[in-house]
Amino acid sequence: MIQMLKPVPAPDSVTGRRSIPVLVVILTGQFMAVLDGSIVNVAIPSIRSDLDTGGAALQLIVAGYVIAYAVLLIGGARLGDRFTQRRTFIAGLVVFTLASLACGSAWNEQSLIVFRFAQGIGAAAMAPQVMTLIQRTFTGAARARALSIYAAIVSGGLLAGQILGGLIVDANLGGTGWRGVFLVNVPIGLALLVLAPRVLPVTAARTDRTVDGIGLAALTATVLLSVVPLVLGRELGFPLWSWLCLGASALGLVVFVLVERSVAGRGRDPLFAPRALGAPGLLATAATLLLVMGTFGGWLFVSAIHMQSDLGYSALRAGMQFLPMGATFAVVGLSWHRVPARLHARMILFGLVVSAASLGWLAWLLGDGAGVGFAASIAFALFGLGNGLAFSPLMTRALAAVPVTLAADASGILATSVQLGTVVGIAGLGSVFFESAGTSASSAADAVAVVYLIGVAITLVAAASAAFAVRRISD
């Protein structure tokens, strides 16, 4: 048994059939990490009734995971360089699996929030290694295909979470109810822990890389200062401290930038490597992904709650409403590369315009309190189509232009943007919804329409940002 689990030494590039198990293991881990950002959405009403939680606690249960995931991603990428991607991936997988078991055993809202943060810490150690291992394992066309699958999993996992969460909660296997959305990770995590030591390549640790602890602390404080008042402020009537925190978050951003410049000036490794930030179109791509995922994450959160709490749908029915969107997103996300390369730039912009239009259509359809009928399902499908045309191609184009030596930093920057966008979307759009929903079905429908229309505006801004990113990458 010991011999079977002996690591397979390998150079930075693994070829042939040996690369397939590597891809399966790391992308399964990535899928679990992304899945847990949304799988809990459709379980929220069950958690609310079982643990007697309020709106702020519900947002923290959803966003707490993503907050820890987002702010620690860059640190996780740096740890992968320092202690090797193989060791860091496995360590993160251990923490994630144990935290998933703890979440499924939580006894009150406070314990669940704490365990969700722990889950995010494990995901932040595990997920950044995926992109670096892809960059080091594949070359040429194989790398482009692997990057496409990676991008599809990063974005598609959020959609799959909605559907799978509904199936698990409604099935209520063994009387687990909402706890099943966390416990499902345990057997998968254990299987990966058996396989990962066997298949992941051994690479040399980079002892020259350090973790920018001061920068990480500044980034963590900035994110918390902006998210916590958005989540808790509404229920408390937005007291003075919430506004002071929001103002301090802007100051925290300035401090973070100054800290990073100071670290770089001393010849050390800042959290965001200057060379990675200078990669063509990377910053503009990060900004676009933050805006897209802000809309996407907030929309998923609000829609799941509205369907179950206001429209009276079961968890399964609510989850299945996202199936048309998931289907179109998956198909487009995995096949967009067949479109001639000369059309990719236009395809990205077209996709974001389609996403904005479909959100506007949904605001009109659901704003009068109607359920999700055939027309709304078509709009859902168009929303998935638009995001599929934009998300995967943009991320793939940006990352494909990054040298292997900067893979960890670049993937950490983009992944952080994706997760921060999700956090801000859940906190911001979730707060708008809870503040506007009131107690009647009509006011809830109005609140949904407002959230969707805000999403339209943000998506159009994202389209402008994407146009700039595409131009920079093409130069």
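Biologist: Which helices each supply at least two residues of the lining of the largest pocket?
Modeller: Helix 10 (213–232), helix 11 (240–265), helix 13 (282–310) and helix 18 do; helices here are DSSP runs of H or I, at least four residues long, numbered from the N terminus. This is a predicted model, in which local features need pLDDT of at least 70, side-chain atom pairs count only at pLDDT 80 or more, and totals for chains, interfaces and linings use all residues. Residues are numbered from 1 along each chain as its sequence is written, and side-chain values use heavy atoms, with hydrogens and water left out.

Biologist: Which helix gives the most to that lining?
Modeller: Helix 18, with six residues. The largest pocket has a volume of about 600 Å³, and 23 residues line it, with Leu219, Leu253, Phe272, Leu290 and Leu420 closest to its centre. A pocket is an open set of points on a 1 Å grid over the protein atoms alone, with protein on both sides within 12 Å along at least five of seven lines, and lining residues have an atom within 4 Å of a point.

Biologist: How does the lining of the largest pocket divide into nonpolar, polar and charged?
Modeller: There are 18 nonpolar, five polar and no charged residues. Asp, Glu, Lys and Arg count as charged, Ala, Val, Leu, Ile, Met, Phe, Trp, Tyr, Cys and Pro as nonpolar, and the others as polar.

Biologist: And how many cavities of 30 Å³ or more does the structure hold?
Modeller: Three, a cavity being a set of grid points where a 1.4 Å probe fits but cannot get out. The volume of the largest cavity is about 70 Å³, and its twelve lining residues include Gln30, Tyr69, Tyr150, Ala415 and Gln419, the closest to its centre. Helix 18 (407–437) has the largest share of this lining too, three residues. The lining of the largest cavity has ten nonpolar residues, two polar and no charged.

Biologist: Now aromatics. How many aromatic pairs are there?
Modeller: The count is twelve. Rings of Phe, Tyr and Trp (its six-membered ring) pair if their centres lie within 6.5 Å; planes under 30 degrees apart are stacked, over 60 edge-to-face, the rest tilted. Phenylalanine 238 and tryptophan 243 are tilted, at 5.7 Å centre to centre and 35° between the planes.

Biologist: What about phenylalanine 301 and phenylalanine 434?
Modeller: That pair is edge-to-face, at 6.1 Å and 75°. Phenylalanine 301 is in helix 13 and phenylalanine 434 in helix 18, so the pair ties together parts 133 residues apart in sequence.

Biologist: Is phenylalanine 301 buried or exposed?
Modeller: Buried, at 1% relative accessible area; phenylalanine 434 is buried as well, at 14%. Buried means under 20%, exposed over 50%, partly exposed in between (1.4 Å probe, protein chains only).

Biologist: Backbone next. What is phi at aspartate 52?
Modeller: Phi is positive, about 55°, although aspartate 52 is not a glycine. Most residues other than glycine have a negative phi. Aspartate 52 is in the loop between helix 2 (44–51) and helix 3 (55–83), and is exposed at 66% relative accessibility.

Biologist: Where is asparagine 172 found?
Modeller: In the loop between helix 7 (140–171) and helix 8 (180–183). Asparagine 172 also has a positive phi, near 50°, and is partly exposed at 37%.

Biologist: Last one: what is the mean pLDDT?
Modeller: It is 83, and 92% of the residues reach 70 or more; pLDDT is the predictor's confidence in each residue, from 0 to 100. Over residues 1–16 pLDDT stays under 50.

Definitions and conventions. Grid points are joined across faces, edges and corners, and a volume is the space filled by probe spheres set on the points. Contact means heavy atoms within 4.5 Å.
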